[in-house]
Amino acid sequence: MRLVVGQGSCGVAAGAGKTYAAIKALMNENDTFELGSTGCIGMCFLEPIIDVYEGDELVKRLVHVTEDHAAAIVDAVRAGELDRISNLFISDDDASFLEQQTRIALRNCGIIDPTDIGSYKARDGYKALEKVLKTMTPEEVIEEIKVSGLAGRGGAGFPTWFKWNAARQSKGEEKYLICNADEGDPGAFMDRAVIESDPHTLIEGMLIGAYAIGASEAIVYVRAEYPLAIINLNNAISQARAEGIIGKNIMGTDFSCEFRYMAGAGAFVCGEETALIESLEGKRGMPRLKPPFPAAAGYKMKPSNINNVETFANVAWIILNGGDKFAAMGTETSKGTKVFALTGKIKRGGLVEIPMGQTLRHVIFDIGGGIRDDKKIKAVQMGGPSGGCIPEHLLDTVIDYKALGATGAIMGSGGMVVMNEDTCMVGMAKFFLDFTSKESCGKCVHCRIGTKRMLEVLTRIVEGNGREGDVELLEELCISIKDGALCGLGQTAPNPVLTTIRYFRDEYDAHIREKRCPAGECRDLLTFTIDADKCKGCTLCARNCPAAAITGQVKTPHVIDNEKCIKCGQCIKNCKFGAVQVM
Amino acid sequence: MCECSCKDEKMLTLDETLEKCGHDAGNLITILQSAQEIYGYLPAEIIYYVAAQTGISPARVMGVATFYSQFRLEPVGKYLIMLCKGTACHVNGAGVIETAICDELGIKDGQTTEDGLFSLKTVACLGCCSLSPVMMINDEAYGSLTPNKAVAILNDYRSREEGGAEA
C-alpha cells in the first residue's frame, strides 16, 4: 500500500507538508506501506489530500487531512482496515468534480511524482519525443499539430501550427523556442500546476516544438512568484539532461537542443510576447512594434517562437494519440480541451479541464457545485484584466473562443472567477483598472495615462462622488485606449469596464445617482448599525470586531461607533440574531 | 561595504554570479535577483557596481530595477508579508484583510514597521486562489483569512520573536 500526499502549492498552503511530516514521523522500519508525494490534483477545495494506492490502482482518496489525522491513518493502514478512517473519505459528490473532467494537459497532475523522471516515463513520458525524433519530419509534426486544431492557450487562441510553421520557414541557423510561463493573470494558476506537478510534460512538448521549428535552444520564462515550480522545473531539466533528453544528439539522433529557464521579476506586461523577449534580454519588459514578428526577429533578433505552458502540455498527447483525436473534441472553431482555474464564490474551487463546447453553467454548477452559501450568482469573470464579466443570463454560452468573445469577455488563459450578489461590479471594474494602471509599462500614452484617468473616475464613483456623464467619459477613454495602445494588454485593458457597463449599467447608475452600492460592498457608501430591538447583547460582535468599534454591556443592545468602524462586515457574519444592518 | 579595497563575503558571492552570467547585460535581471538575495535589497552602490561590471549605464540598471515589482531599493523587515490581491482574493475580501493588517501594524502597503519586524507588500497573485484570501509571510502561506485570523497570525510572530529574545 502506498500513501501519496498532494504537495502542490495549494496543498502546502493548506498544510500538506505538515501532514506528510506527521505521517513520516510515525512510520518505522516494520511498516510495509510507503509514503510518497505528488503535485496538484486540482481539487484545491479538499486540500490537503492523500491518495491511497494498491499497486497502480487508486483505492481511496482521503480529504482535508491534517497532521492531527496522521496517527489514525497510520493505524488504519497498518491494520489494513481503511474503513476506520471513513470520516476522511471523499464524498461521491466531491468526487464528481474530477469524474466530469477530460484531462489531457493535466493528465499526470496529482498522479506522478514530479521530482522523478521515472514516474513520468512510466506514463508514456518522452515516447512522443522519441516518435517525433525517430519517425517524423519537422513538417509532419507541424501537420499533426495543424490537424489537432491546437490554439494558443495563453489567451489569444492563435493557431499553434501557424506560429510553428512561420518560425520554421524563417531563414536563419539560430532559432529559439520560448515558453511563456509568466502566468500573470490574477486568478489563473493552471500553468503553475503543470510546471509544479508535471514538469517533464512541458519539457517534452517544448523539445517537440524545438524540433519542429529547428531551434537549438529552448527557454522557459517562469514567474518568480512560483518558487516550487522553479525548483521542480530545475530538477526536471537536470534529470532530462542526465538521461540524454536535453543537450547534444538527443536520444541518439542528430537533433540537439539546449534547455534552460529564466525567472521573471514581476511584471504583468511580460505576458505579451515581445515584452517577454525584451525581459529575456535583460531589459525593461516593454512591447516591441510588430512587425517584425518574433517568428522573423524575436529573441536576440533571431527567429523565435513563443507558446504558453498549457499549449505545450497538450503536444505530447497529440503526437501519441493523433491530432484527429484531439480535434474530435470541442466545437467547430475551438478544438480539444481547456483548463480553467475555478475560484471565487464557488463551492468546489480548483482546476477544471473539459472539452471545449460545454457551457459555463455546466462548469460552475455541475462541476463547481454552484455558489457558496447557496447565494445567487451574479457573474463570472473570464480572462482576467484583459477579459470581462459575463452575467448570469449568459451562462449558457458555450466555451469557445468565438462565443466567449461575443460576450465581450475572452477565453483568456483560463481564470474563471465566480461572483455572487455581494460583489459590486463597479468595484470589480475598479479592481482591474487599479491593476492595469499599475502594470502599464508606460510606453503608450493612452494606456499609461488613460488607465490612470479611468481609475480616478471609477474611484470617485465607488466613493460616492460620481458625476452624471462619468459612464460616458469612461466609454470614451475605453475607446481611445483600445485604439491607441500598441500591445494586446493595453488594447484589452478597458474590457473589464466595458463589460460591466454593458451588463451592469444599473449598478453604475445607483452609485452615481443614488450614492448607493446595490451589492453592499463599497464601504464609503455603507453605514453599519445595530437594531436595538433585535440585539440580545451577546457581545459576540464586540469581541470579534477587529477595530474595537462596538461597545455595550452584556444583555443590553450594543452600539457601533461609525468613526472607528472599518466596515469589514465581521459583525454581520457573527450576529446570530440578524441585528446588524447595513444601509 | 567596507572602506578598504578588500571585498567582503557578500561581494565575493555577487562576483561569482557575475562570473557565471558572463558579465553579460543580457543576464541583468538574473544578476539583480542574485544581488537582492545576497543583500536583501538593491543598495545604490550595488546598482553602480553591476552597471560597471556589465558595461551598461547605471541609469539602465536602475530602469530595470524600478520596472519589475520584485526589486526593492530599500531593506525590508525581518518578516515580509505578501498579501495577495488577486481577483479571487479581491472577491473574497482581501481589502478588509489589508485594512486589518495596516491598522494592526500601523503601516501602509510598501512600508516597514519601526521595529523592523514586518514589511507589507501587496502582490498581484500568489496562485493559491482556492484558499483566498491568502497571505504569505516569508515562505509560509496562510489561507482562508479573516481580519481576526490575520491579526492573530501577526501576533504569533510577535510572541515568537519576544520569546526568542528572552531565551
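**Notebook: helices and a chain contact**

I began with two helices of chain A, α7 (residues 138–148) and α10 (residues 199–213), whose axes come within 7 Å and cross at roughly 120 degrees. Angles from 65 to 115 degrees would count as roughly perpendicular, and over 145 as roughly antiparallel. The angle here therefore makes α7(A) oblique to α10(A). I noted the hand of the crossing as left-handed. The model is predicted, so I keep that in mind throughout.

Next I looked up which residues meet there. From α7(A) I found Pro138(A), Val141(A) and Ile142(A). They meet Ile208(A), Tyr211(A) and Ala212(A) of α10(A). I sorted this contact by class: six residues are nonpolar, none is polar and none is charged.

Then I turned to helix α8 (residues 160–169) of chain A. Is α8(A) enclosed or open? I found seven of its 10 residues buried, so the rest of the structure largely encloses this helix. The buried residues include two tryptophans, Trp161(A) and Trp164(A). Lys163(A) and Arg168(A) are buried too. Thr160(A), Asn165(A) and Ala167(A) complete the list. I checked what covers them. The cover includes α7 and α10 of chain A, along with β8 (304–308) and α13 (309–321).

Last, I looked at where the chains touch. I recorded 39 residues of chain B in contact with 47 residues of chain A. Which elements of chain B give two or more residues to that side? I listed α2 (28–39), α4 (58–67), α5 (87–91), α6 (94–105) and α7 (147–166) of chain B. By class, this side of chain B has 22 nonpolar residues, 16 polar and one charged.

Key
Residues numbered from 1 in each chain as written. Chains lettered and ligands numbered in written order. Predicted model: local features only at pLDDT ≥ 70, side-chain atom pairs only at ≥ 80, totals over all residues. Axes fitted to C-alpha atoms, helices over the stretch in contact; angles between N-to-C directions. Helix = DSSP H or I, 4+ residues; strand = E, 2+ residues; numbered from the N terminus. Parallel < 35°, antiparallel > 145°, perpendicular 65-115°, else oblique. Left-handed = near helix turned anticlockwise from the far one by under 90°. Contact = placed C-beta atoms within 7 Å. Nonpolar A, V, L, I, M, F, W, Y, C, P; charged D, E, K, R; others polar. Buried ≥ 20, exposed ≤ 12 C-beta atoms within 10 Å, placed from the backbone.
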